[in-house]
Amino acid sequence: MRGLYIHIPFCVRKCSYCDFYSLPGRQDRIKPYVSAVITEARAYAGLSFHTLYLGGGTPSLLGAEQLKNLIGGLRETFDLGGLVEATVEVNPESATPGFLDAAMDAGINRVSLGVQSLSDCELESVGRVHTAARAIDAMTLSRNLGFTSLSADLIIGLPGQTWNTLSAALETLVRLGINHLSVYCLALEEGTPLAQRPLGNLPSDDTQAELFELARAFLIGQGFIHYEISNFARKDHECLHNLNYWRGGEYLGLGPAAASHLQGRRSRNRPTLDAYVENPTGQVEYVETLGGEEKAAEEAMLRLRLLVEGIDPGVLSGRFSPATIETLVSRLDDMVMRGMLEFDNSRYVLPASRILTSNEIFREVLGTGTCGVPGGRHCEV
Ligand code: SF4
């Protein structure tokens with residue numbers, strides 16, 4: 001399995017909590033940016049991919065024509081004949097019928113909507129540009145156009161949020177037919193306006209944890225599977241692209257700040273739009289090759305995020321030496337003895353009681369004191 005990620009670093013304006021590489025007010029660069037992505041892609045011409053993910057930023061700001069150019073260029077460059085999932089992230093304010101139609105025509109079969117909340121006060125408090133009504137319209141439009149794989153992002157811990165507003169959002173999304181939901185706890189990321197000037201009505205950590213538990217119980221009651229720490233899906237609607245990250249698979253990321261993992265090497269592009277447009281193939285920031293034990297530990301840490309699948313040492317044994325597997329298994333067994341992990345049905349899994357406090361466990365699995373997740377968001381949930 002190999003995934004292709006395209007980073008689209010444009011946004012209408014910057015949300016106060018955001019530390020992703022995205023730039024407001026630079027939409028004039030979209031056309032040259034799409035050409036630059038195709039140029040970078042040509043450096044890897046002929047590779048085949050099973051999943052495609054357009055993330056950001058705000059990919060829906062590409063508009064119909066540039067989306068068509070981008071996907072057309074990728075199809076000419078790569079072997080996408082075996083593509084099983086193609087996702088585009090869409091923000092409600094730019095979810096136009098023209099864009100969604102073009103996405104469908106281009107072969108996109110999964111829409112991930114940046115809903116975040118269905119309370120106008122909560123949305124406004126962190127600088128989101130859309131309203132709850134616009135988010136509902138975008139969801140309805142996507143469904144009516146025929147997208148059968150629909151995901152939404154929700155944030156827990158927004159200023160003023162209560163179980164009343166959160167449960168109303170969850171009920172509405174379920175009623176509208178979403179079959180995948182990513183639920184993130186708001187984190188005060190260093191350097192963001194929200195971290196510099198935190199609002200007085202931010203829910204406490206305990207309230208955040210309580211809201212997450214309530215949301216989890218509600219979604220499980222509605223038939224969703226809590227398959228990854230921050231992700232819930234109806235059966236067969238898990239995000240295949242992200243599953244590949246968590247299973248330690250290969251991926252190519254194109255665009256500024258995009259990360260790649262190919263043939264045992266990890267690299268990342270510099271987060272600089274202008275330099276990228278000038279010289280798309282000259283922005284690789286670092287290349288790292290992990291040793292066997294380090295790689296096995298990292299893959300184990302990523303797989304622990306998969307709450308049902310967990311770590312099956314048998315799956316890892318084909319790719320790592322017996323000595324590496326032995327070291328890893330002995331560390332995991334020790335963690336089971338100390339109640340940090342459970343061993344169930346030949347798999348090591350995170351106990352349900354530790355989902356909200358998993359970073360300590362990840363650090364221990366890695367043995368390095370870091371718990372970065374490539375391509376993922378960084379907070380405990
Ligand atoms: S829309 Fe998303 S990427 Fe853009 S600023 Fe807001 S949180 Fe960041």
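**View 1. The shell of residues around the ligand.** By class, the shell around the ligand has four nonpolar, six polar and one charged residues, where Ala, Val, Leu, Ile, Met, Phe, Trp, Tyr, Cys and Pro count as nonpolar, Asp, Glu, Lys and Arg as charged, and the others, Gly among them, as polar. The residues that make up this shell are C11, K14, C15, C18, F20, S22, G56, G57, T58, N91 and G114, a residue being near a molecule if its C-beta atom, placed from the backbone, lies within 6 Å of it. The model shown here is predicted, with local features needing pLDDT of at least 70 and side-chain atom pairs counting only at pLDDT 80 or more, while totals for chains, interfaces and linings use all residues. Residues are numbered from 1 along each chain as its sequence is written.

**View 2. The packing of helices α3 and α5.** Helix α3 (residues 97-105) packs with helix α5 (residues 132-145) at an angle of about 40°, and their axes are 10 Å apart. Helices (H or I, at least four residues) and strands (E, at least two) are DSSP runs, numbered from the N terminus, and axes are lines fitted to C-alpha atoms, for helices over the stretch in contact, with angles running from 0 to 180 degrees between N-to-C directions. From α3, the residues P97, L100, D101 and M104 meet L141, S142 and L145 of α5, contact being defined by C-beta atoms, placed from the backbone, that lie within 7 Å. Sorted by class, this contact of α3 with α5 has five nonpolar, one polar and one charged residues.

**View 3. The two domains of the protein chain.** The domain assignment, whose bounds come from an automatic or database source, gives domain 1 (2-244) and domain 2 (296-373). Taken over C-alpha atoms, the centres of domain 1 and domain 2 are separated by 28 Å. Seven residues from domain 1 and seven residues from domain 2 take part in the contact. On the side of domain 1 that touches domain 2, the elements that give two or more residues are α8 (205-221) and β9 (225-228), and β9 gives the most, with four residues.

View 4. R268 lies in strand β13 (residues 265-269). This residue is partly exposed because 18 other C-beta atoms lie within 10 Å, a count between the cut-offs for buried (20 or more) and exposed (12 or fewer). Leaving aside neighbours within four places in sequence, R268 is in contact with A259, E285 and Y286.

Definitions and conventions. Two residues are in contact if their C-beta atoms, placed from the backbone, lie within 7 Å.
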